[in-house]
Structures are given as structure tokens and as C-alpha cells.
Amino acid sequence: MSERSDLLQGTLDLLLLKVISLEPMHGWGITLRMEQMSGNVLLLNQGSLYPALERLRRKGWIRSQWQITDNNRRARFYELTPAGRKRLTVERAAWKRAATAVNAIVDWAGALP
Amino acid sequence: MSAWSDVVHRVRALVRGAHEDTAHQDEVRFHLDMLTARHEAQGLGPDEARRRAHLEFGAAGDIRERAREQRGAAVVDDLLRDLRHGIRQLRSRPVFTLTITATLALAIGTATAVFSAADRVLLRPAPYTDAASLVAVWETDSRSGTTREPGSLPDYLDLRSRARTLAAIEGVIGTIETLSAPNTEPARISGLAVTGGWFQLFDARPSRGRLFSAAETSPGGARVALISESLWRARFNARDDIVGQVVSLSDVATEIVGVVPDDSDFGLDQLHDRAAYHSAYEATGRVDLWLPLQATVADLPRETHPLLMIGRIARGSSVSAAQAEVTTIMRDLEAQYPENTARGAFVESFEEVVLGPVRPLFALLAAAAALLALVATVNVANLLLVHGTSRAREVALRGALGASGTRLGRQFAAESALLVTGGAVAGLGLAALILFGIRLTGPASVPRLSGVALDPRSIAVAVAMAGVVGAVFSLLPALAAFRNDPMAVLKGEAGTTTMTKGGQRLRNVLVIAQLALCVTLAVCSGLVIRSFVAVLKVDPGFSSSGVVKAEYELPASRYPRDFSKFPNFTEITQFTDRVLAAARAVPGVEAAAIAGAHPLDEGFTNSWRVVGREAESADWPEISVRLITPGYPETMGLQLQHGRNFGAGDVGNAAPVALINATTARRFFAGVDPIGQQISFWGMSRRIVGVVKDERIHGLTAPAPPATYIPFHQAPGSGGVLLVRSRRPAEAVVVDVRRLMAATDPQLATFGLEPFSTTLGTSVGQRRFAVTLMSGFAFVTCLLVLVGVQGVVSYTAAQRTREIGIRQALGASRAASASLILRGLAQLVATGLVLGVAGALAGSGLLGSLLFGVSRLDAVTFVGAPLMVGLVAVVAGLVPAWRATLRAPLQAIREI
């Protein structure tokens with residue numbers, strides 16, 4: 001198994017919103033999808049997933065409903081609300097700004113000004 | 001997230017909490033299954049795969065907890081936990097819990113009951129439009145000094161046409177009618193004959209049919225009647241075709257033109273009750289029959305006063321303006337008509353007439369209930385304080401283990417809430433019970449008392465009271481417990497010195513307050529009880545035991561009174577003789593008589609003269625005229641003081657004779673022998689043949705008025721009362737009398753058929769009611785004081801166990817140890833008693849007319865009641881103190 005990395009503080013909401021924005025999916029599906037999308041690098045702490053989903057739901061960014069899965073089991077499927085979609089845009093912009101800034105610092109090669 | 005959506009979310013979480021929990025469990029189980037499956041696919045055994053899945057996921061319960069925290073359900077969880085903990089705490093101290101709940105129930109129950117009754121009787125507005133502008137218009141008589149007399153029909157007509165300050169004025173005359181319908185027993189009904197605008201004055205509307213027309217309320221109008229809804233249901237089975245039915249009213253065919261709601265009669269019984277005298281009418285708590293007043297001024301001339309008048313103050317005018325104007329009109333009438341000599345008017349708020357007499361009673365009950373509630377509250381506060389202090393160790397320990405202050409405070413609040421809720425629920429039950437008792441035994445003279453019940457208003461009062469009490473209580477013990485130094489408590493010095501100085505003082509003040517309130521209440525109820533005893537001891541001038549009475553009203557159709565033949569009304573005389581003969585033939589009957597009115601019925605009065613002293617006697621008050629058959633003194637135990645009783649010879653054609661009572665002899669024949677003197681009224685003179693003792697015909701508490709007795713056969717009345725003295729039990733005699741009345745005239749309605757002792761009891765009903773409630777309050781308060789003092793002394797004893805144990809080990813006697821504990825109590829009791837007596841001195845003035853034959857500063861009561869309370873307090877203290885001296889040495893040794 002390749003080396004894994006814990007989630008950066010504060011990024012869980014963004015990642016969840018992004019993953020759910022692709023299609024409605026259940027908690028287990030979100031776990032799988034996140035591992036797959038990050039090339040098995042980002043590992044979701046299983047225990048923190050559901051409280052986070054609950055938090056997003058309370059904020060009105062996602063909603064859920066019970067559906068039948070491919071292998072015929074009942075599971076709660078989450079999807080984005082319009083407010084969630086807007087939030088994703090905001091968070092993504094914020095993340096990009098922050099990441100650029102962090103990269104700029106980390107990759108600094110020039111002399112001190 | 002906004003505060004609002006947070007609230008919404010939390011509320012929804014509360015409602016859906018359980019459902020959400022299972023949903024979460026399903027979701028987590030699904031996830032775990034999937035994780036397990038993946039591990040299995042990677043080659044792990046099923047058990048190991050599941051174990052790994054659980055490890056990775058973390059404790060499932062923990063997730064649930066955190067998810068729930070997110071949902072905001074934690075607050076409720078905490079609350080439930082507090083309540084569960086509270087229930088455990090309370091169940092571990094059943095005596096403490098029961099005492100407090102019962103005490104709170106008493107306080108809340110009595111206060112709620114008294115409020116409900118007062119609310120229903122006093123606070124609700126009269127069921128009339130703008131009742132505040134209604135006034136009773138009385139006539140006054142400056143010669144007799146009476147201020148509340150009915151008016152005459154001509155006076156009424158003059159007032160109606162001349163008074164501008166009154167928008168309307170109407171009159172009513174009470175009447176008693178016999179209602180007969182085919183195949184039913186005839187019933188006798190109290191009814192009212194009303195003037196044309198009566199119902200319009202009150203804005204009363206018929207629920208069926210119509211009101212009286214102008215023609216019907218004029219002389220010579222058609223014979224019609226309105227009936228109450230109750231009568232419609234009771235006598236006519238609520239039949240739909242009631243309007244237009246013709247019934248027989250005292251043998252006159254009468255058409256029923258409508259049905260009026262039951263509350264159309266509010267206050268009219270009380271109006272009759274307040275009048276110095278009134279026409280034949282018996283207050284039954286409800287008017288069932290309404291007739292149009294069709295009398296002419298020829299029927300009811302200016303010197304007869306049957307009409308009770310009610311007016312409505314004109315817009316922009318006032319009671320005092322109306323009083324001034326009506327007085328002016330009456331002065332004109334006085335100048336104009338000799339019949340109106342000395343006549344004036346008194347205008348009085350109608351609501352005051354109805355509710356005024358019962359206000360003091362309810363003020364007293366409210367004060368008593370408030371005192372009781374205070375004592376109970378103080379008691380509970382004290383118990384909780386003691387309890388809180390004794391829990392100091394628990395609080396200190398839990399505090400040391402990390403429980404936050406708010407957490408502990410919440411814990412106490414939860415316990416108080418449980419106690420108060422229990423007390424409130426039990427209290428409402430108690431209130432319902434008390435109100436049931438009031439409905440059952442309350443005197444009919446108090447308006448609307450029969451309708452008292454728990455309603456939303458009274459429940460709201462109970463809940464509010466519980467809320468306030470609960471809030472106070474939840475603070476008290478917490479304060480007491482927190483005030484202690486945890487270190488001292490935990491080091492074990494707690495058992496001896498947990499009381500802070502302030503806590504001790506507060507507790508002492510509470511005990512003193514409780515004792516003082518109890519003494520005040522005990523003295524006041526003692527005064528009321530002694531007054532009641534004094535009332536029952538009054539010599540009424542007649543003897544009620546063994547006597548049964550039955551009243552009747554003879555219809556004019558079959559028992560005509562042809563005044564050209566006065567006093568030989570053959571049919572009435574024959575009826576009287578036949579009834580008396582039948583009564584005397586009943587086995588066991590010792591004596592029987594017929595009278596115009598029974599001894600507790602004030603009957604009617606007449607103006608009178610003494611022959612030879614006409615000028616002098618013209619200014620005297622009217623005299624009560626009592627019609628009796630010769631057997632009356634024997635039957636009622638009326639004693640002859642002088643002269644002779646009536647005999648069989650005093651019949652219609654014989655020489656007119658009269659007896660006078662002692663009051664008449666004393667006031668008007670001072671220094672003269674009345675026997676042989678002549679008195680005159682009704683245009684004829686009578687010779688006085690005897691003087692009899694006074695009968696208290698105005699009730700036990702009122703002195704006898706001047707009265708004269710005349711032979712029934714010399715002035716036969718259409719109404720009468722049969723009085724029978726028998727050796728047999730009253731119930732059997734009642735049956736006998738009903739049978740003999742029915743046998744003599746099957747169509748006659750007999751009413752008021754009861755043992756005369758019952759009549760006597762009813763006449764003091766309002767007083768008995770006050771006595772019952774007051775002594776109930778005093779008794780319960782004493783009980784509470786007993787519990788309260790007992791609790792405080794046990795606590796003091798427990799606090800000093802070690803000290804007492806050591807003293808006893810060193811040779812102190814048990815009596816000395818007990819007195820050590822009780823010394824403090826003695827001071828408290830003494831202070832409480834002194835304050836209580838002071839309170840009673842100030843408060844006994846409130847008792848007003850409830851006092852009778854007893855001074856409001858009655859020494860016996862003012863010494864006896866505090867002594868009794870003090871005794872109760874000492875007994876309450878002795879028991880736990882003595883017990884402590886038994887236990888102390890052992891316990892002290894164990895603790896060392």
C-alpha cells in the first residue's frame with residue numbers, strides 16, 4: 001500500500017462538498033470515491049465522516065434520502081442543495097487562494113527581498 | 001446559521017430524536033458491513049475483518065454521541081439525566097419527598113380552590129350587558145329607619161316618567177305559583193312578575209319563542225308566561241313545541257310564549273334577600289317562571305310596597321346624580337301624597353347588592369388560604385434548606401470530582417421541579433375535591449356558588465403558583481449547599497458544623513414566621529367557631545327538635561278570599577281544620593298547628609295603632625303580623641309570659657283578639673299592662689289577651705322585631721305552613737305529612753317539607769360554611785407547623801449528635817441533653833406566638849359580621865389558640881429531641 005496522508009485541517013468540508021457534487025452517494029461511497037480520486041493518498045478518518053455530514057446537513061448545504069444501493073441494501077444518499085453548490089464555489093476559490101499562497105512560500109527559491 | 005434556524009433545528013431534533021437515532025444506526029451498520037466486506041476481500045477472517053472495521057471506524061456509540069451533539073439533542077439528554085437522577089434522589093428519601101409533595105399540594109390545592117370559588121362568585125362580571133350601570137332603587141322609611149324597601153307601583157310609575165338620570169327603570173314582584181300539568185304531581189315554583197321593559201333592561205334574549213309584548217305587560221293583558229331552560233328540560237323534557245303550550249298556573253290557564261336562558265335571573269335572589277321585606281317568593285337559586293306584571297294602581301295602591309326596582313344609569317350620569325334626582329322626586333311625592341310620609345329613596349349599585357354581602361366571607365377565605373399557602377411554602381423552604389445543608393457532603397464531593405456549578409445547580413433545579421410538579425398535580429386534585437365539597441355544602445345565598453369548578457383560569461393560577469414556588473425552591477438548597485467550604489465538609493467536620501450562621505438565622509426566621517401565621521389563623525378561626533357556638537346557643541324562642549314543617553299556597557280559584565265576608569273564608573278555614581285533624585290523627589303526633597309563616601320566615605309587617613294612643617303610635621315602626629292556630633305555642637314551644645293563649649273559641653265570628661311578643665310589650669307598653677289594651681290594623685281593632693316570649697323570626701343572630709300573633713281563623717291567609725311535633729323520627733313524619741297533605745288536597749303543591757332543624761341549619765348555612773372552611777384551614781396549618789418544627793428540631797439534633805453524645809458519655813442526663821436541643825426551640829416558639837397574637841389583634845377586625853356574641857379581642861381565644869399552637873410545637877420538638885438523646889452516644893462513639 002502506498003504512503004497515506006491525513007486530511008489537512010479544515011479541508012474536509014470542501015472535499016465532501018466536491019465529492020457529493022459529482023452525484024448523490026452514501027457515506028461508504030464517499031469514502032471509496034475519495035480514496036480513488038486522491039490516488040489512495042488521502043485517507044478519510046472513518047469516524048469523522050458522519051458527524052461532518054450531519055454538520056453539512058444542518059447548515060443546509062446537503063440533504064439526504066434513503067435509497068436502495070446497487071447490491072440491494074438500504075442506504076442514506078447525500079446530495080448537494082443549491083446553497084451547497086454555491087458554498088462549494090466559495091470554498092474552492094478560498095482553497096485555491098490558500099494553496100497558491102502556501103505553494104508560493106513552500107516553493108520559494110528566490111533571495112529574500 | 002441564524003439563531004432562529006438553530007432553534008427550529010433543535011426543536012425538530014427533539015421531536016424526531018428517536019427516529020434519527022435508529023436511522024443513524026442503520027447508516028453506520030451499512031458502513032461497517034461494507035468495511036468488513038473489504039477487509040474480508042483482502043483475505044482476513046470474518047471476525048478479524050469486523051474487528052478491524054470497528055477499530056477503523058472508532059466506537060460506534062461515540063459517533064452516535066457526537067452526531068447527536070451536532071443535532072442539539074444533548075440539552076434534552078442532560079435534562080432527562082437530571083430528572084432521572086432527581087427521581088433516584090427523591091426515591092431514596094421517601095418521607096422527605098412525600099412530606100414536601102403533600103405540603104405543596106395543600107398549599108396549591110387550597111389556594112386554587114379558594115381562587116376558583118372567588119373568581120366564579122365575585123370576579124366574573126354579571127351576565128348582563130354593562131352590568132356596572134345597573135342600580136337597585138330602594139324606598140326608605142325614615143320612621144322605621146329601613147333603607148331597603150320595595151317601592152309602590154304608583155311611585156314606580158312616577159319615577160319612570162320623571163327620572164332623567166335613569167335611562168330605564170323596571171320593577172319585579174316575586175310570586176309563588178303552582179304549576180299543574182296532566183299526569184304529573186303539581187309543582188310549586190318561585191316566579192317573578194315583571195314590568196314591560198324588564199328583559200330589555202338586562203339585554204336578555206329568549207332562547208326560544210319571544211318576550212312579553214307591550215299589551216301583555218299592561219293591565220288586562222293575556223295570561224302568558226316565560227320559563228327557564230332548566231324548567232323546560234326538567235318539566236317539559238325539552239320538547240320542541242313548548243312555545244304555545246297552555247299550562248295551568250295556580251289553576252289559571254297560561255300560555256308559554258318563550259324560554260329564557262338560566263342566567264337571566266342573576267342576582268334576583270340576592271335582591272330579594274337584601275330587601276327589608278318582599279312579597280311571597282322563595283329564593284331557590286334560580287327563577288324558573290316569568291310572568292308579565294299586569295296590575296293596576298287600583299290593585300296595588302300607593303301604600304302597598306311590593307315592587308323591587310332596578311334601573312340603568314343614563315349615559316354620562318352617575319349613581320350619586322341618580323340618588324339626588326330620585327330623592328327630589330320622592331320628596332315631591334311625599335308632599336303630594338299622605339301615603340308617602342317619611343318615604344325617600346336609596347340608589348345602590350346592583351352588583352353591590354348581589355355581591356356585597358359575600359365579599360367579607362371571601363376576603364376572609366382568601367386571607368386564610370394565603371396564610372396557609374405561606375406557612376406551607378415556608379415549611380417546604382425550610383425542609384429544603386435543611387435537606388440542602390445535609391447534602392453538603394455530596395455537593396462538595398461532586399464538586400471536587402469536577403462537576404461544574406451550573407451542573408449541580410441544574411441538579412437541584414430538577415429535583416425542585418419534580419417536587420413542585422408532583423405538588424401541583426396533587427394540589428389540583430385536592431382543589432377539585434374541595435370545590436366538589438363546596439358545591440355540595442355551600443349555602444344557596446352565595447350567588448353562583450353552585451357553579452364553581454376547576455377551569456382554565458384556576459388551573460393557570462395553580463401552574464403560576466407552582467412556577468414561582470419552584471423557582472424559589474430550586475435556588476434555596478443550592479445556595480445552602482454551595483455556601484459551605486468544601487474542604488471543611490470533606491474533612492469530616494461536616495457532621496457537626498455545616499450550618500453557616502446565615503443559614504441558621506434564615507431557618508429560625510422561617511420557623512418563627514410559620515408559627516406566627518399559624519397562631520393568627522388559629523385565633524381567627526377560634527373566634528369564628530366560638531361565634532358559631534354562640535349562635536347555636538341563642539334561645540330562638542321556639543324549639544325546632546321533633547318538628548316537621550310543610551308549606552303550601554292555596555290557589556285563589558278553589559280557595560277564594562272574598563273580602564266582603566272577611567274573615568269567613570269558608571274553603572280556607574275548612575282546609576285548615578281538615579289538615580290539622582288529619583295531622584293530629586297520625587300516630588306519634590303530639591301537637592300540630594298551622595301558621596301564616598314558620599318561625600324563621602319573617603313573614604309580613606303592617607302599620608298599626610294602639611287604640612287611645614293613635615297620635616303616638618303613628619310614628620312607630622311596622623309590626624310583624626303572625627297568623628297562628630291555637631296549637632302553635634304547644635307545637636313550637638312558644639312560651640306564654642302573661643295572660644292566655646288562643647283557644648278553640650277564637651274563631652272568625654268571635655271577638656278579635658291578639659297576642660303580642662315581649663319586645664312589643666317592652667317597647668310600647670312600658671309601665672302599662674298590655675292585657676286588655678286594643679291594637680288596630682286592617683281597619684279593625686283587637687284586644688290583647690296575652691304576652692309571649694320573643695321568637696327570632698329574623699334569624700338567630702338578629703333580635704326579634706315587634707310582633708303580634710292573631711288567630712288564623714280571624715284572618716285566614718292563602719299561604720300557610722303546617723307544623724307537626726311528633727315523637728317519631730323526622731323521616732317517618734315527613735312521609736306521614738306528605739301523605740296527609742296529598743289526601744286533603746291532591747292538586748295542592750307542598751313545598752319546604754323538611755324537619756324544622758334542617759330549616760334552622762340552612763338559616764345559618766353561610767356561617768357554617770365559613771366556620772367549616774376556616775377551621776379546616778387552621779387545622780391544616782397546625783399540621784404543617786407540626787411537620788415543620790419536627791423537621792427543624794430533628795435537623796438541629798442531628799447536627800449536634802456528637803456534642804450530645806460526648807456530654808452524655810461524660811455523665812449528662814438525657815433530659816439535660818434534650819433540653820439543650822429544645823432551648824433554641826423555646827425561644828423560636830415564644831417569638832412566633834407573640835408575633836402571631838399581634839397579627840391576630842390586627843386581623844380579627846376583618847371577621848366583621850362573622851363575629852357574634854364574642855368580642856374580637858375575646859380573651860379565651862387569644863389565650864387558648866396560641867397555647868394550643870405552642871403545645872403542638874413543643875410536642876413536635878420533643879419527639880425528635882428525645883430520640884436524638886437515645887442515639888447520640890452510640891453514634892458519637894462510632895464517628896470518633
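## A strand pair in chain B

B:V610 stands opposite B:I679 of strand 19 in chain B. The model is a predicted one: local features need pLDDT of at least 70, side-chain atom pairs count only at pLDDT 80 or more, and totals for chains, interfaces and linings use all residues. Residues are numbered from 1 along each chain as its sequence is written, while chains are lettered from A and ligands numbered from 1 in the order in which they are written.

Strand 15 (residues 609-610) and strand 19 (residues 678-681) of chain B run antiparallel, joined by 2 bridges. Strands (E, at least two residues) and helices (H or I, at least four) are DSSP runs, numbered from the N terminus. Two strands pair if DSSP finds at least two bridges between them.

Strand 19 of chain B also pairs with strand 20 (residues 684-692) of chain B, antiparallel, over 4 bridges. B:Q678 faces B:R687 of strand 20 there. The two strands form a hairpin with 2 residues between them. In the turn, B:W682 has a positive phi of about 55°.

## Helices of chain B

Helix 5 (residues 94-123) of chain B has 30 residues. From first C-alpha to last it reaches 40 Å, close to the 44 Å expected at 1.5 Å a residue. That expected span is 1.5 Å times one less than the number of residues. Of its 30 residues, 21 are buried, so helix 5 of chain B is largely enclosed by the rest of the structure. A residue is buried if 20 or more other C-beta atoms, placed from the backbone, lie within 10 Å of its own.

Helix 25 (residues 801-809) and helix 26 (residues 814-843) of chain B have axes that come within 10 Å and cross at roughly 155°. They are therefore roughly antiparallel (angles over 145 degrees). Axes are lines fitted to C-alpha atoms, for helices over the stretch in contact, with angles from 0 to 180 degrees between N-to-C directions. B:I804, B:R807 and B:Q808 of helix 25 make the contact with B:R814, B:S817 and B:L820 of helix 26. Contact requires C-beta atoms, placed from the backbone, within 7 Å.

## Chain A

Chain A has 4 helices and 3 strands. Their pattern along the sequence is α-β-α-α-β-β-α. Of its 113 residues, 26% count as buried.

The 3 strands form an open antiparallel sheet in the order 1-3-2. Strand 1 (25-26) and strand 2 (62-68) of chain A stand at the edges with a single partner strand each, so one side of each lacks a neighbour in the sheet. A:H26 has A:F77 of strand 3 as its bridge partner. Helix 1 (residues 12-22) of chain A lies across strands 1, 2 and 3, at about 105° to strand 3.

Terms used:
Two residues are in contact if their C-beta atoms, placed from the backbone, lie within 7 Å. A residue is buried if 20 or more other C-beta atoms lie within 10 Å of its own, exposed if 12 or fewer, and partly exposed in between; C-beta atoms are placed from the backbone. Angles under 35 degrees count as roughly parallel, over 145 as roughly antiparallel, 65 to 115 as roughly perpendicular and the rest as oblique.
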